Amino acid sequence: MEKFKMKKKFNRKKAYAVHDSTDHENRDIVSESYLETIFRRFRRHHLAVISLVVLVVLGGAALLAPVLAPYKPDDIVGTFSGAPCKEFWLGTDQIGRDVFSRLLYAMRISLLVGIMATLISTVVGVVLGLIAGYFGGVPDMLIMRFTDMVMSFPYILLVLVAAAIFKPGLWNIILILGFVDWPGIARLVRGNVLNLRETNFIKGNIVAGMPLSHILFSEILPNTVAPILVYATSVLAISMLDEAALSFLGLGVQPPAASLGNMLNGAQSLTVLTRQPWLWIPAGILIVVLVMAINFIGDALRDALDPNSGR
Amino acid sequence: MTKYIIKRILIAIPVLIGITIIDYAIMCMAGSPLEMLQGPRVSEAAVEAKKIALGLDKPFYIQYFVWLGQLFHGNLGYSIKSYQPVSEMIKSHLGPTLLLMGASLIVSLLIAVPAGIYSAIHQYEKGDYAVVTFSFLGSSIPGFFLSLLLIYIFTVQLGWLPSSGMTTLGTQGGFLDVLRHMIMPVIVLAASMAGSNIRYIRSAMLEILQQDYLRTARAKGIGRFKVINKHALRNALVPIVTVIGMEIPVLFGGAVIIEQVFSWPGLGLMTMSAITSRDYPVIMGVCLLSAVVVLIANLVTDILYALVDPTIQLD
């Protein structure tokens, strides 16, 4: 029975393989563009498609917060710690501000921190990785050893120390997260550049005497964009989680500005935790949903952008 | 092989020196101990005298070497708040943290290894999708939010588990009491680690399942159970070694926040209170310690990897 089951499984796998290859060849005949291929592959990941919709809706809500929010985020409009009702959908907080409106603005801040920090760390990582990978030798050694050093410090600890030294605040948090999270990207880019440098088209460029900036930015960089993009999605997820953790501990975005993390800060008090769940559960769920959506999209992108995936 | 190990250690030495330089530079940037002295009743001359006594008038690199020399004698400086030696403080808080980290690492592997293997064997089936989705949930949920949820459910609503500390106040503790206090923090730390580990082990296992030697094993007709558990699992041990190495820095970071939420009396709680009171010698002592541990963990992982996997290129 056991063997029979296995046999069946093997046959099925083979059937898949045959199906896939013919499918692939047919596509080649109609010669779809690269973007179409990516889109087709991405669409197969249903969870990622749902995540993309969720992310667009939530991102849109965050962008349109001034229009959508029923109240101003910092205005005291209701009773202290009022339970959810018709007037205040998610209740009011300890000093009578509307939780739903604050949540919309908090999402705005959290997404802004995540995106800006990711941009900074990607730029730093790409530049260092390009230099290390292309020039090799002493610059490579110096940059990679420095990367090793930064990576040895536990990430959160480094962020916490930086947050303690510099005054906590929106832009400091963005800069701290951005300048701590680049080593992964630097290593990734360096590895890709090392591989690319051995290819014939780059060697051809060098022989043809093309200017360095052309080789680096017009030849090498476009060929390593896909893995950078995939990695950047995971950095975005991590930055948003870290912003939440920092703000939760009171070292991140400072009140009265709302961020998803500092809205959870109130839950450290026992009354809020036990009696007023509307003050902390929605913010927490929103973080989980946002980060999970980003992770699912990143995973699907990894598959869709992989030139060797062959499906 | 010996050559490779020696080379890895030689590369690690400049990194180690670099770590001490960064650590010292951050500590200096954070503020000098003289700031604590300043006040209306302290004269300029007294501050100046203290400066010379502490060696702060010497150039930066001399100060660094003096500090480094002290370091080799196991002296990490003194806490600004409690005036205790930092090394003593670390020593007394290390036990609970190691207990928490060790337990979480074991629990996360106990979840991740079977789940990752199951998921790989049943690729693209319902079970696989469920496991992968759960693994994403695990790595997407902030540790502190999961802690709050657990406290809300198990402490506030059900009253089953204690939410803070390591032992019940006023009692001696004992094994069972500590165990009860450990359950929630361990779950939180293990969940976040298991999330990424499951996906890592799954993809490693998928790669192994396609290898020729597994086809040979299957062709011999020794049965599915033996193929997976004897031939595949043994080779999957290689990526598991890497996973453990990768988790060490995550554990250190995660412990800081989780210990804060559960008031677990470990290194993390000590660091967090040092951060809020800006006690830089303590903060940087912990940073230095964790960086060195991470460096050594990476070194050991690389060497173990080379020992376990004979096909790895040693250049």
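This is a predicted model: local features need pLDDT of at least 70, side-chain atom pairs count only at pLDDT 80 or more; totals for chains, interfaces and linings use all residues.
Two residues are taken to be in contact when their C-beta atoms, placed from the backbone, lie within 7 Å.

Within chain A, helix H2 (residues 34–43) packs against helix H15 (residues 281–305), and the axes of the two helices are 8 Å apart at an angle of about 135°. Angles over 145 degrees count as roughly antiparallel and those from 65 to 115 as roughly perpendicular; H2(A) and H15(A) are therefore oblique to each other. The crossing of H2(A) past H15(A) is right-handed. On the side of H2(A), the contact involves A:Ile38, A:Arg41 and A:Phe42, which meet A:Ala300, A:Leu301, A:Asp303, A:Ala304 and A:Leu305 of H15(A). By class, the residues of this contact comprise 6 nonpolar and 2 charged, with no polar residue.

A second pair in chain A consists of helix H9 (residues 183–197) and helix H12 (residues 225–248), whose axes cross at roughly 165° and come within 10 Å of each other. Because of this angle, H9(A) is roughly antiparallel to H12(A). The two helices form a right-handed crossing. H9(A) contributes A:Gly184, A:Ile185, A:Leu188, A:Val189 and A:Asn192 to the contact, while H12(A) contributes A:Pro227, A:Ile228 and A:Tyr231. The contact of H9(A) with H12(A) contains 6 nonpolar and 2 polar residues, and no charged ones.

A:Arg275 belongs to helix H14 (residues 270–275) of chain A. A residue is classed as exposed if 12 or fewer other C-beta atoms lie within 10 Å of its own; A:Arg275 has 11 such neighbours and therefore counts as exposed. Between A:Arg275 and A:Leu305 there is a separation of 30 residues in sequence, and their C-alpha atoms are 47 Å apart in space. A:Leu305 is one of the H15(A) residues that meet H2(A).

At the interface between the chains, 35 residues of chain A are in contact with 38 residues of chain B. On the side of chain B, two or more residues each are given by helix H1 (2–30), helix H5 (126–140), helix H6 (143–157), helix H9 (224–262) and helix H11 (280–308) of that chain. H1(B) supplies the largest share of this side, with 8 residues. The residues of chain B that touch chain A are divided into 27 nonpolar, 8 polar and 3 charged.

Conventions: Residues are numbered from 1 along each chain as its sequence is written. Chains are lettered from A and ligands numbered from 1 in the order in which they are written. Helices (H or I, at least four residues) and strands (E, at least two) are DSSP runs, numbered from the N terminus. Ala, Val, Leu, Ile, Met, Phe, Trp, Tyr, Cys and Pro count as nonpolar, Asp, Glu, Lys and Arg as charged, and the others, Gly among them, as polar. Axes are lines fitted to C-alpha atoms, for helices over the stretch in contact, and angles run from 0 to 180 degrees between N-to-C directions. Angles under 35 degrees count as roughly parallel, over 145 as roughly antiparallel, 65 to 115 as roughly perpendicular and the rest as oblique. A crossing is left-handed if the near helix is turned anticlockwise from the far one by less than a right angle, and right-handed if clockwise. A residue is buried if 20 or more other C-beta atoms lie within 10 Å of its own, exposed if 12 or fewer, and partly exposed in between; C-beta atoms are placed from the backbone.
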